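Trainee: I would like to learn how the features of a model such as this one are read. Could we go through them in order?

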Amino acid sequence: MAFSFFMRDQPTLEHAADQMIPYSSGRSRIRVWDAGCALGQETYTLAMILAEKMNRFAFKNVQIDATDHDSANRFGDVVSEAVYHGDELKRTPKDLLSKYFEPAPNHGYTRVKYELRSRVRFQYHDLLSLNPPGTDYCLVVCKNVLLHFQPRERVEVFKMFHRALAPGGYLANENTQKLPHEVAHLFSQVVPDAQVYKKTGN
Ligand SMILES: C[S@@+](CC[C@H](N)C(=O)[O-])C[C@H]1O[C@@H](n2cnc3c(N)ncnc32)[C@H](O)[C@@H]1O
């Protein structure tokens, strides 16, 4: 199910950003993967958080791969156009709304500004293909997706995230998604009260 909303579990995304930003400093390309992004609400929340915390020049090096397997609902078009109804943005602080959104032609809708849109690229991708859409990611975010998978599938998907991450890169899950013991040696938890992990090994 594609339920999602702007500013969902903001603390975990903030923690993940706080870990990733110093780690990625000096990189000319800062790759981030939002796996199971639904209609992009989480992706643009993360983009806003990164834009707020990073300096302008470093943020221009961010490339967020937003992926989902749901092609029936044309998620790709929604994420790329980045037009959302005002009701969806009720939890977004006013200062962020005026900074990162602009009026859309349809009454009651707003559009994410180019500054954030240009950092996001949508791809249809099935996590169960176990082939990541890219490699060398500094951060992988996968929230409220894996709970629908079988335990064995979950283990294989975590192994794929490990392969997709750059050495020392970060992974963020929702708070109820504990790391399966089969992959515990591949990540170390870096934030005590959030599911934010650092990749161990290569
Ligand atoms: C509940 S939404 C979570 C959206 C967002 N990550 C959040 O936390 O708000 C789950 C999303 O996972 C996607 N999904 C489920 N199975 C998937 C798979 N095998 N590959 C890629 N995406 C999948 C669904 O299409 C849906 O958009």
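This is a predicted model: local features need pLDDT of at least 70, side-chain atom pairs count only at pLDDT 80 or more; totals for chains, interfaces and linings use all residues.

Trainee: How is the span of helix H1 (residues 10-24) read?

Mentor: The expected span of a helix is 1.5 Å times one less than its number of residues. Helix H1 has 15 residues and reaches 20 Å from its first C-alpha to its last, close to the 21 Å expected.

Trainee: Which residues in H1 are buried, and what do they pack against?

Mentor: A residue is buried if 20 or more other C-beta atoms lie within 10 Å of its own, exposed if 12 or fewer, and partly exposed in between, with C-beta atoms placed from the backbone. In H1 the buried residues are Thr12, Leu13, Ala16, Ala17, Gln19, Met20, Ile21 and Ser24. They pack against H2 and the strands E1 (30-35), E7 (137-141), E8 (165-172) and E10 (196-199).

Trainee: Which residues in the largest nonpolar core touch the most other members?

Mentor: A nonpolar core is a set of buried Ala, Val, Leu, Ile, Met, Phe, Trp, Tyr and Cys residues joined through C-beta atoms within 7 Å. The largest one has 51 residues, and Ala16, Ala47, Leu139, Val140 and Tyr170 touch the most other members. Helix H2 (residues 41-53) gives this core its largest share, six residues.

Trainee: What is tyrosine 170 in contact with, leaving aside its neighbours within four places in sequence?

Mentor: Two residues are in contact if their C-beta atoms, placed from the backbone, lie within 7 Å. With those neighbours left aside, the contacts of tyrosine 170 include Ala16, Gln19 and Met20, as well as Val196, Tyr197 and Lys198.

Trainee: Is serine 80 buried or partly exposed?

Mentor: Serine 80, found in helix H4 (residues 75-81), is partly exposed, because 15 other C-beta atoms lie within 10 Å. Serine 80 and glycine 40 are 40 residues apart in sequence, yet 8.6 Å apart in space, C-alpha to C-alpha.

How values were computed
Residues are numbered from 1 along each chain as its sequence is written. Helices (H or I, at least four residues) and strands (E, at least two) are DSSP runs, numbered from the N terminus.
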